[in-house]
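Hi everyone, thanks for making time this morning. Let me put the structure up on the screen, and then we can walk through it together.

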Amino acid sequence: MAGSDVDSEGPTQRGGAVRRPGPPSGLGGEAGAHCPEPLSTAEAPAEGTALPAWMRLYFYGMHGITLDVLVSSAWRFVRSPDLRMLGFSSPYRCLLHSLTHFALEKIYLQQPRCPSAFVFNFFLYPSAHVGLQTLASQALLLSLGGGPGGAAAPGALDLALQYVLALYHCQVFLKRFLRLRYRQQQQQRRGALPAPPGTRAPSGASGRRRRPRGPKGAVGAPNQGLPDLLRFLFFGMHGFLDEIFFTFFFNVLGHGDGATNGHTSLWSFFMYGSCSFVVEKLYFHLHYSRGWSTWKRVPIYVIFIYAWEFSWGLGLRTCGACSWDYSHYPLNFMGLITLMYLPGWIFLSVYQDLLSNVLWRVQYVPTN
């Protein structure tokens, strides 16, 4: 769960959202019996399609928030070393990142039309990136500042940073991100999609309940989707997204202080990424191997989440890096966990299952 409120220099109180990866839709489509299923994701570049626009917008917003947190945390640490490694962003910036990077994607795809790859990669695309990001940032500052005085012209250091980010976006991120493919239809050996989370498996002729099957028709966890490392990175970035949104709305609705940013910690990337990664493995095992329904799995998820949060909090507190404190909440234990966030953990645990279902359909096609 994300944190409650933060002072830029004072102690931070935070909860957290389970690092719940991506949107829960896009699960439909029956398999075509005439399409043989590939043996691995690398063998199926032609069977997948580009990620849907809504999914790319979601990824771009989440990735943009991650960069915001990394940059703001680094600047803050340079000015005032703090092992909590706090970083900042906002839902406003998430929306701007989604829209601007979606537009920049269109520009990037025009690269083959440019006679010089060097000119495109080091001048044309970075110029478009820096210009669009600067305009978006100035528009945001104007809207939040209430007048022309609310926006200041970017300095040379800001422009240099934007240029570096443009090179990263063009040379690293988009080159790999656009190799993701989305399988609209899932070929099943037995002609049926896996049962959605929480549904009962159909009974066989003997009356015995069948266990849910994975995407290839075999009992047990599915064997398709993103590699484990990419799934961990996705969950870690989604943890940033969850915390930024939670702390922003907590401050606005709970305190009414007119906050324009949410906050998180760099440690949250590892804590949330690893927690969601394990919870997803639990989902695969409990649902596909044991046939447990959603509400039998959720208590297991929640117990693990609380144990994970407490363990990380205890370890970070020993070195002065813990960025949350629930001591002011009722039903807390050592200020590291609280039952006040139980409804949120339950909701996000269910959301985790839906996200895992979507991520099965996303495949990374490596370069030859």
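Here is something to think about while you look: which helix gives the largest share of the lining of the largest cavity? Before I answer, please keep in mind that this is a predicted model.

Okay, the answer is helix 2, with 4 residues.

Now let's turn to a helix pair. Helix 1 covers residues 53–79 and helix 4 covers residues 156–177. Their axes lie 13 Å apart, and the two helices pack at an angle of about 140 degrees. Angles over 145 degrees would count as roughly antiparallel, and helix 1 and helix 4 are therefore oblique to each other. The crossing of these two helices is right-handed.

And who touches whom? From helix 1 we have Arg56, Phe59, Tyr60, His63, Leu67, Val71 and Trp75. They meet Leu157, Leu161, Leu165, Tyr168, His169, Phe173, Leu174 and Phe177 in helix 4. The residues of this contact divide into 12 nonpolar, 2 polar and 1 charged.

That's my tour, and I'm happy to take questions.

Definitions and conventions:
Residues numbered from 1 in each chain as written. Predicted model: local features only at pLDDT ≥ 70, side-chain atom pairs only at ≥ 80, totals over all residues. Heavy atoms only, no water. Axes fitted to C-alpha atoms, helices over the stretch in contact; angles between N-to-C directions. Parallel < 35°, antiparallel > 145°, perpendicular 65-115°, else oblique. Left-handed = near helix turned anticlockwise from the far one by under 90°. Contact = heavy atoms within 4.5 Å. Nonpolar A, V, L, I, M, F, W, Y, C, P; charged D, E, K, R; others polar.
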